[in-house]
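Here is a short report on one protein model. Keep the sequence and the 3D view open as you read.

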Amino acid sequence: MALGDYWKQLSWFYYQYLLVTALYMLEPWERTVFNSLLISVAGMAVYTGYVFMPQHIMAILHYFEVVQ
Amino acid sequence: YMKTSELERCQGSNIISDCGRLGKAEMMYKNGPGTGVASRQYKQESFEQAPMYVAVMTYLGYGIVTLFGYLRDFLRAVELERCHVAQEKEEQKDFVPLYQDFENFYTRNLYMRVRDNWNRPICSLPGPVFDLMERVSDDYNWTFRLTGRTIHNVINTGSYNYLGFAENSADFLKTVADVTCQYGVGVCSTRQEIGNLGIHEELDKLVANFLGVESSMTFGMGFATNSMNIPALVGKGCLILSDELNHTSLILGARLSGATIRVFKHNNMLSLEKMLREAVCSGQPRTHRPWRKILIMVEGIYSMEGSVVRLSEIIALKKKYKAYLYLDEAHSIGAVGPSGRGVTELFDVDPADVDVMMGTFTKSFGAAGGYIAGKKELVDYLRSHSHSAAYGTAMSPPVTQQIIRAMKCIMGNDGTTEGIRRVRQLAENIRYFRARLKEMGYIIYGSDDSPVVPVLLYMPGKVAAFAREMLERKVGVVVVGFPATPIAEARARFCLSASHTREMLNQVLHHLNEVGDNLCLKISQQKYSSQPDLYNEANFEPDS
């Protein structure tokens with residue numbers, strides 16, 4: 001099943017993430033804390049990008065005089 | 001101090017050669033036109049550096065665990081969490097603190113989390129396979145409880161059982177049983193008083209015969225041999241030049257003696273020569289009087305790196321600068337050399353050139369204790385002046401007999417070829433295992449002759465995961481991290497044995513392959529062909 005394979009691959013990547021960041025050694029609640037911190041910071045970055053990207057692109061195009 | 005131009009002029013001599021740490025992914029090409037055996041040995045030691053991203057991720061992992069360590073310490077301090085560590089009673093909280101909190105930070109917050117990989121209880125002989133008692137923890141490794149189940153036939157790659165003498169078959173141990181019936185088990189005295197049994201004298205003569213020296217003395221404990229005898233040999237006003245990676249027993253003995261200690265870089269002859277020159281020229285620190293004695297302390301095989309000492313070069317240096325040499329052959333006696341006589345045989349060096357030869361019986365002989373061997377005057381002096389000789393209880397008779405039978409077996413004196421077969425089997429196992437590991441792509445340290453194979457793991461998460469996954473596959477490994485190794489170089493240490501059969505090694509290698517793929521451990525950048533001998537020949541610099 002393709003979905004089963006994807007799930008296996010995804011859990012292997014999660015395992016590697018746990019090993020590299022040494023979250024493997026931490027207790028489950030500590031992992032939750034770290035993951036939520038990471039996701040909230042990443043989410044905020046994505047949201048900021050989403051809100052401000054049109055303005056930035058317009059400013060760049062204006063600078064290069066592609067659009068008035 | 002040697003300038004670079006002087007260095008180049010001296011390249012031809014075989015005294016000065018530098019083999020410091022490697023650059024990125026390069027085989028160490030040690031210079032040194034010397035005799036074939038010696039220079040061939042040196043070319044095979046490599047300490048490959050890991051790629052940069054591995055080092056970065058290691059530090060990242062340690063940083064994250066340290067941050068969480070601070071968080072947990074804070075929670076324990078404000079009592080949101082129960083503290084399992086030792087604490088003073090309520091009445092004593094105003095006194096000077098008895099338990100220094102911060103110093104145990106590493107133990108409390110890193111070691112405790114993965115503590116289940118060490119101190120595993122074994123319930124059988126530590127032979128090539130053993131049985132483990134299963135234990136689980138309900139509170140994240142602060143306490144353990146045994147489930148009652150035994151894990152059978154776990155392959156043992158952690159015991160220092162190099163020649164397979166840790167065995168319990170009745171026919172091998174017949175002489176040991178006879179001696180126990182004759183002498184009992186306890187000696188109840190020191191050798192100086194009334195504990196000098198005939199069997200001890202026999203062992204002393206046998207050890208001296210085995211090593212090819214004039215005389216030797218044996219002690220009941222290997223660690224105590226080093227730490228208690230070095231103070232008898234050197235004192236204040238002497239200089240000790242000790243290798244960077246020496247064992248704790250040597251360091252303790254050196255510190256106890258009161259001599260000045262200077263450390264030279266691991267296996268680095270340039271560093272050693274520089275220090276010797278400076279010591280001979282400048283003398284003692286303030287008075288500039290000549291040193292009473294200069295003692296170079298090295299080990300035959302360094303157990304954390306698997307590297308072999310550069311004995312012929314050190315002997316040349318010692319003769320040139322008139323220093324003494326103390327060689328600790330704890331891991332190399334019985335395990336290296338064509339007939340198991342240690343590094344002196346490996347480098348084809350006269351044993352009389354080494355002033356103090358020390359070794360232990362714990363590793364290759366399957367017993368306990370240590371010995372010091374050398375000239376007769378040295379050993380006679382130690383018999384009366386060493387702390388271990390004067391105050392330490394004598395070796396137990398069955399242990400003594402075990403060493404005697406093991407040594408006779410290696411020397412061939414018991415009439416069979418079992419000893420030499422084991423030495424050859426060990427050498428073959430070492431060659432095979434190392435070659436296969438390198439082929440698979442692991443980073444391994446050390447010389448190709450050493451039975452100690454450190455496989456680098458680097459990241460703290462992988463250290464714990466490796467040990468647990470290998471145990472699930474019924475292979476018992478020893479993993480080591482900080483502080484026994486540098487902080488970014490955690491490793492798994494495999495100790496090969498002559499009693500490992502080819503099938504066992506293949507099983508271990510098969511599981512290593514799987515675990516290495518699961519954990520992404522195969523990060524070596526050196527390309528090894530499947531015929532390692534051919535590869536080495538191609539890189540051998542011809543003597544011009």
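## Segments listed as transmembrane

For chain B, an unreviewed UniProt entry lists residues 50–71 as a "transmembrane region". UniProt positions are given in the numbering used here, feature names are shortened, and annotations may be inferred rather than shown by experiment. Residues 50–71 of chain B are 91% helix and 0% strand. The end C-alpha atoms of this span are 31 Å apart. Helices (H or I, at least four residues) and strands (E, at least two) are DSSP runs, numbered from the N terminus.

This is a predicted model, in which local features need pLDDT of at least 70, side-chain atom pairs count only at pLDDT 80 or more, and totals for chains, interfaces and linings use all residues. Residues are numbered from 1 along each chain as its sequence is written, chains are lettered from A and ligands numbered from 1 in the order in which they are written, and side-chain values use heavy atoms, with hydrogens and water left out.

An unreviewed UniProt entry lists residues 6–26 and 33–53 of chain A as "transmembrane region". Residues 6–26 of chain A are 71% helix and 0% strand, with end C-alpha atoms 26 Å apart. Residues 33–53 of chain A are 100% helix and 0% strand, and their end C-alpha atoms lie 30 Å apart.

## Where chain A meets chain B

How many residues of chain A are in contact with chain B? The count is 17 residues of chain A, against 25 residues of chain B. Contact means heavy atoms within 4.5 Å.

The size of an interface is often given as the accessible area lost when the parts come together. Chain A and chain B bury about 1800 Å² between them, and 70% of that is on carbon and sulfur atoms. Buried area is the accessible area (1.4 Å probe) that two parts lose on being put together, summed over both. Val20(A), Tyr24(A) and Met25(A) supply 33% of the area that chain A buries against chain B, more than any other three residues.

## Charged and polar links between the chains

Side chains of opposite charge can pair when their charged atoms come close. Three salt bridges link chain A and chain B. A salt bridge is a side-chain nitrogen of Lys or Arg within 4 Å of a carboxyl oxygen of Asp or Glu. Look at Arg72(B). Glu27(A) forms a salt bridge with Arg72(B), with the closest N and O atoms 3.0 Å apart. Glu30(A) also meets Arg72(B) in a salt bridge, at 2.6 Å from N to O. This second pair runs from helix α2 of chain A to helix α3 (residues 52–77) of chain B.

Six residue pairs between chain A and chain B are in polar contact, both residues being at pLDDT 80 or more. A polar contact is a pair of N or O atoms within 3.5 Å; within protein, one must be able to donate a hydrogen and the other to accept it, and residues adjacent in sequence count only if both atoms are side-chain atoms. On the side of chain A that touches chain B, the elements giving two or more residues are α1 (2–20) and α2 (28–63) of chain A. By class, that side has 13 nonpolar, two polar and two charged residues. Ala, Val, Leu, Ile, Met, Phe, Trp, Tyr, Cys and Pro count as nonpolar, Asp, Glu, Lys and Arg as charged, and the others, Gly among them, as polar.

## Two domains in chain B

Chain B is assigned domain 1 (47–156 + 418–527) and domain 2 (170–411). Such bounds come from an automatic or database domain assignment. The C-alpha centres of the two domains lie 29 Å apart. The contact takes 21 residues from domain 1 of chain B and 20 residues from domain 2 of chain B.

Domain 1 and domain 2 of chain B bury about 1500 Å² between them, 66% of it on carbon and sulfur atoms. Val423(B), Val452(B) and Arg493(B) supply 27% of the area that domain 1 buries against domain 2, more than any other three residues. There is one salt bridge between these domains. Arg491(B) and Glu305(B) meet in a salt bridge, at 3.0 Å from N to O.

## Two backbone details

Most residues other than glycine have a negative phi, and most peptide bonds are trans. Phe482(B) and Pro483(B) are joined by a cis peptide bond, with omega about -5°. Asn119(B) is not a glycine, yet has a positive phi of about 55°.
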